[in-house]
Amino acid sequence: MLDRLDGVRSRGSDRWSALCPAHADRSQSLSLREINSRILLHCFAGCKPEEIVAALGIGLKDLFTDTPVHPGQRSIPKSRRLDLVGVAFRFELAALDRGLRADAVLQAVPDFNGNDLSEEDRDRLMNAVACAYADRDRAAFLETVADEFRLKAFHERTTRHAA
């Protein structure tokens, strides 16, 4: 059944979330769980199970995994492989965001004359500078994580093609 849904994410052992096919979903509002040979559905937007299975082209009886499965049809497919390149891209964006914000703060600091500021404002400025340097360090770390994900994706691709 998961192969009929879009945006499927594993949420642990025998748990998933997906885009609800019964309404125009933009986030995974459909929760699925397999318990005791049953697939439980819950749409947080309020769609009824009957509406969800109808949108999938199946019946409520198909939510019971102990019923005979038609040849070529599987009830619960394997969870999808993690898109390592996509994850790497998200880490790279986070690194870029932190780096740009840190640079903006650090470029603005020389324009301030510390003598013209109150002690409280000087403290806030120093805290902002300290946070900017910490953000630079975090950005470098996030870039390293992104590189590791890209390297892992490359190794997976080359290993699959070699096999």
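The side chains of Arg124 and Asp121 meet in a salt bridge, with N and O 3.1 Å apart; a salt bridge here is a side-chain nitrogen of Lys or Arg within 4 Å of a carboxyl oxygen of Asp or Glu. The structure is a predicted model, in which local features need pLDDT of at least 70 and side-chain atom pairs count only at pLDDT 80 or more, while totals for chains, interfaces and linings use all residues. Residues are numbered from 1 along each chain as its sequence is written, and side-chain values use heavy atoms, with hydrogens and water left out.

Arg124 and Asp121 both lie in helix H3, three residues apart, about one turn of the helix. Helices (H or I, at least four residues) and strands (E, at least two) are DSSP runs, numbered from the N terminus. Arg124 counts as exposed because its relative accessibility is 53%, whereas Asp121, at 29%, is partly exposed. In these terms, buried means under 20% relative accessible area, exposed over 50%, and partly exposed in between (1.4 Å probe, protein chains only). Arg124 also forms a salt bridge with Glu120, at 3.7 Å from N to O. Helix H3 spans residues 119-162, and within it Arg124 and Glu120 are four residues apart, about one turn of the helix. Both of these residues are exposed.

Further along the numbering, Asp135 forms a salt bridge with Arg138, the closest N and O atoms being 3.0 Å apart. Because Asp135 and Arg138 are three residues apart in helix H3, about one helical turn separates them. Asp135 is buried, with a relative accessible area of 12%, while Arg138 is partly exposed, at 42%. Elsewhere, salt bridges that share partners join Glu92, Asp147 and Arg150 into one network. The count of salt bridges comes to nine. Side chains of opposite charge can pair when their charged atoms come close.

Helix H2 comprises residues 84-108, and Leu84 is part of it. With a relative accessible area of 7%, Leu84 is buried. Leu84 and Leu151 are 67 residues apart in sequence, but their C-alpha atoms are 9.1 Å apart in space. Neighbours within four places in sequence aside, Leu84 is in contact (heavy atoms within 4.5 Å) with Phe149, Lys152, Ala153 and Glu156.

The strands come next. Two strands pair if DSSP finds at least two bridges between them. Strand S1 (residues 6-10) pairs with S2 in the antiparallel sense over three bridges, and Asp6 stands opposite Leu19 in S2. Their hairpin has four residues between the strands, and in it Gly12 takes a positive phi near 120 degrees. S2 and S3 also run antiparallel, joined by four bridges; Trp16 has Leu32 in S3 as its bridge partner.

Strand S3 (residues 30-35) pairs in turn with S4, again antiparallel, over six bridges. Leu30 stands opposite Cys43 in S4. The hairpin of S3 and S4 has two residues between the strands, and Asn36 there takes a positive phi near 50 degrees. In a regular strand the side chains alternate between the two faces of the sheet. Strand S4 (residues 38-43) has a covered face formed by Ile39, Leu41 and Cys43, and an uncovered one formed by Arg38, Leu40 and His42.

A nonpolar core is a set of buried Ala, Val, Leu, Ile, Met, Phe, Trp, Tyr and Cys residues joined through side-chain atoms within 4.5 Å. The largest such core has 17 residues, and those with the most contacts inside it are Leu5, Leu30, Leu32, Leu41 and Ile52. S2, S3, S4 and helix H1 (49-56) are the elements that give two or more residues to this core. Apart from its neighbours within four places in sequence, Ile52 is in contact with Cys20, Pro21, Ala22, Leu30, Leu41, Cys43 and Cys47. In soluble globular proteins, nonpolar side chains tend to be buried together.

Asp25 lies in the loop between strand S2 (15-19) and S3. Asp25 is buried yet has no salt bridge, the nearest side chain of opposite charge being that of Arg26, 8.0 Å away; Lys and Arg count as positive and Asp and Glu as negative, while His and the chain ends are not counted. The side chain of Asp25 reaches the backbone nitrogen of Ser27 at 3.3 Å. Not counting residues up to four places away in sequence, Asp25 touches Ala18, Leu19, Cys20 and Leu30.

Key:
A polar contact is a pair of N or O atoms within 3.5 Å; within protein, one must be able to donate a hydrogen and the other to accept it, and residues adjacent in sequence count only if both atoms are side-chain atoms.
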